[in-house]
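Try each task before you read its solution.

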Amino acid sequence: MAIALTIAGCSDAGRPMTTLAPKSDLAQWIQNLFIDVTLWDALVLAIVVVAFVLALFVFSTRVGEAAPPSTASSDLGLEIAWTLGPVLILLMISVPTIRTIFRSQPAVAPAGALEIKVVAHQWWWEFDYPDGAKTGNELHIPVNRPIRLSLESADIIHSFWVPQLGGKRDVVPGQINELTFVATVPGMYPGQCAEFCGLSHANMRFRTFVDSPDDFAKWDREQLAGPVPTPASDQLAADGAKVFADSPCTTCHMIQGVSKGYIGPDLTHFGGRTTLAAGVLKNTPENVAKWIENPQEIKPGANMPALLLPGDKLNALVAYLESLK
Ligand code: CUA
């Protein structure tokens, strides 16, 4: 009881991965089902506890009393009662469960849905929008509009999970799974790969930003445009652009109009993201430098090699990347 009360005392802000603070229709349905099932479970528990106490203190045989009656005979009424009871309770649980499963997994996208392709990679998330916008590890969606995610894997099985927006959905190679929901409250909701997928499974995080329609439209416009040109006054960033162009970064990373790599995340608007390395680090110049210097230390097993750049080139590259708003 003490542990339960302590845990229940945690605030919403302190547990961003809570499954008990629904911010979408899907999460709300799951919550309703959870409460439903918990109530039926509580009823079963209450009946069992009462029967147990009665058996212990009321119907037990005491010293000096006659031996208990024979167990060879049976009571037909009781037999029927304890067969029908569990059947009814199972029905009360399974009917809403099956209804929720079908309701939450429509075969076709709802009218007006925004369909986004999600590609899971070891160990980061790619988000491709129907208008051509592309981002990594930070998904933006508009509030109060149906969202249809098509989930694909580039390598092995992952699982897409934003606890406050809905249940987990496996991402399986060679198959497209879908997740359909309407986010109802603007905000930032963290997500995490929920299927063990190798060394950096725990470092395969992402963020979902539920934006107002205007904010989303603005974000989308910015993503479609190329990177903001480096201001001529920013010599460091201009030097960094040269470092990037001459480096092996270009083989793996796309920057619109600069490079065509596709193995790692698209960096066209890297400076506009709040995190890097699949949500592991806050996007600050210090962290970007740390990441480029030794990605393996932050994300063991990642494909990205250490670049071994001298300090001045590293600083310039960091300034360039951060300028890519
Ligand atoms: Cu991807 Cu665990």
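**Exercise 1: a residue in a helix**

Phe57 belongs to helix H2, residues 25-57. Helices are DSSP runs (H or I, at least four residues) and strands are E runs of at least two, numbered from the N terminus. The model is predicted: local features need pLDDT of at least 70, side-chain atom pairs count only at pLDDT 80 or more, and totals for chains, interfaces and linings use all residues. Residues are numbered from 1 along each chain as its sequence is written, and side-chain values use heavy atoms, without hydrogens and water.

Task: decide whether Phe57 is buried or exposed.

Solution. Take the cut-offs: buried is under 20% relative accessible area, exposed is over 50%, and partly exposed is in between (1.4 Å probe, protein chains only). Phe57 has a relative accessible area of 56%, so Phe57 is exposed.

**Exercise 2: aromatic pairs**

Task: find how many aromatic pairs the whole structure holds, and classify the pair of Trp125 and Phe206.

Solution. Rings of Phe, Tyr and Trp (its six-membered ring) pair if their centres lie within 6.5 Å; planes under 30 degrees apart are stacked, over 60 edge-to-face, the rest tilted. The search finds eight pairs. Trp125 and Phe206 lie 5.0 Å centre to centre, with 55° between the planes: tilted. Trp125 is in strand E2 (residues 124-128) and Phe206 in strand E10 (residues 205-211), 81 residues apart. Both Trp125 and Phe206 are buried.

**Exercise 3: a second pair**

Task: classify the pair of Phe244 and Tyr320.

Solution. The ring centres of Phe244 and Tyr320 are 5.9 Å apart and the planes meet at 50°, so this pair is tilted. Phe244 is buried, at 1% relative accessible area. Tyr320 is buried too, at 4%.
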